[in-house]
Amino acid sequence: SRQLANHPELMARLQTIFGAESVEEFLGVYPSSPLVPLRKLAVSKVIVGPHGSGLTFAIFMPVSSTMIEIRPSKYPDTNFEVLAKSLGMGFTLIFGVGTRSSKVTDTNLTVVVQAVCRAMERNPCAPAAVSATVR
């Protein structure tokens, strides 16, 4: 699966800016406790993650929330932008740099952390943003 190669750096920076209690990692929904993560998403203001199926969990977020998608620059897929806009969400695209494979769909991405922080700071929900990052 696609991941952010510098995920720990991004999490640390977002927690520094917005507070550790406001930034949570979303690891998915599991049969043992499916409602817990969905309840967190239901009050989240921003979801940040690499292009991939994890961003579809945005359907459980408030209309006023924002999706920040990190995508390889040579991958012209706009599905998540269309999803966000159809849900009434804000959308920001940030291009990441592939680190693992020449196949675009099988690429771990490195993101410029400052670009994500700037996008978060422009978000009307910030600084009181409760953020979910998709690993």
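The following dialogue discusses how to read several features of a predicted model.

Biologist: Which elements of secondary structure does the chain contain, and in what pattern do they follow along the sequence?

Modeller: The model is a predicted one. The chain has four helices and six strands, and the pattern along the sequence is α-β-α-β-β-α-β-β-α-β.

Biologist: In what sense do strands β3 and β4 pair?

Modeller: Strand β3, residues 66-72, pairs with strand β4, residues 90-98, in the parallel sense, over seven bridges.

Biologist: Which sense applies to the pairing of β4 with β5?

Modeller: That pairing is antiparallel and has two bridges, with β5 covering residues 109-110. Here G98 stands opposite L109 of β5.

Biologist: Is E69 buried or exposed, and what is the nearest side chain of opposite charge?

Modeller: E69 is buried and has no salt bridge. The nearest side chain of opposite charge is that of R71, 4.0 Å away. Apart from neighbours within four places in sequence, E69 is in contact with G49, H51, L55, F80, E81, F91, T92, L93 and I94.

Biologist: Helix α3 may be examined next. Where is A84 found, and why does A84 count as buried?

Modeller: A84 is found in helix α3. A84 counts as buried because its relative accessible area is 0%, and the cut-off for buried is under 20%. Beyond its neighbours within four places in sequence, A84 is in contact with M67, M89, G90 and F91. The C-alpha atoms of A84 and V63 are 9.1 Å apart, while the two residues are 21 residues apart along the chain.

Biologist: How many salt bridges does the structure hold?

Modeller: The general idea is that side chains of opposite charge can pair when their charged atoms come close. This structure holds two salt bridges. One of them joins K40 and E24, with the closest N and O atoms 2.9 Å apart. This pair links distant parts of the chain, since K40 is in helix α2 (residues 35-42) and E24 in strand β1 (residues 23-26), 16 residues apart.

Biologist: Why do K40 and E24 count as partly exposed?

Modeller: K40 counts as partly exposed because its relative accessibility is 41%. E24 counts as partly exposed because its relative accessible area is 30%.

Biologist: What distance, N to O, applies to the salt bridge of E81 and K85, and where do both residues lie?

Modeller: The side chains of E81 and K85 meet at 2.8 Å, N to O. Both residues lie in helix α3, four residues apart, which is about one turn of the helix. E81 is partly exposed, at 24% relative accessibility, whereas K85 is exposed, with a relative accessible area of 52%.

How values were computed:
Residues numbered from 1 in each chain as written. Predicted model: local features only at pLDDT ≥ 70, side-chain atom pairs only at ≥ 80, totals over all residues. Heavy atoms only, no water. Pairing = 2+ DSSP bridges. Buried < 20%, exposed > 50% of the residue type's maximum accessible area, 1.4 Å probe, protein only. Lys, Arg positive; Asp, Glu negative; His and termini not counted. Contact = heavy atoms within 4.5 Å.
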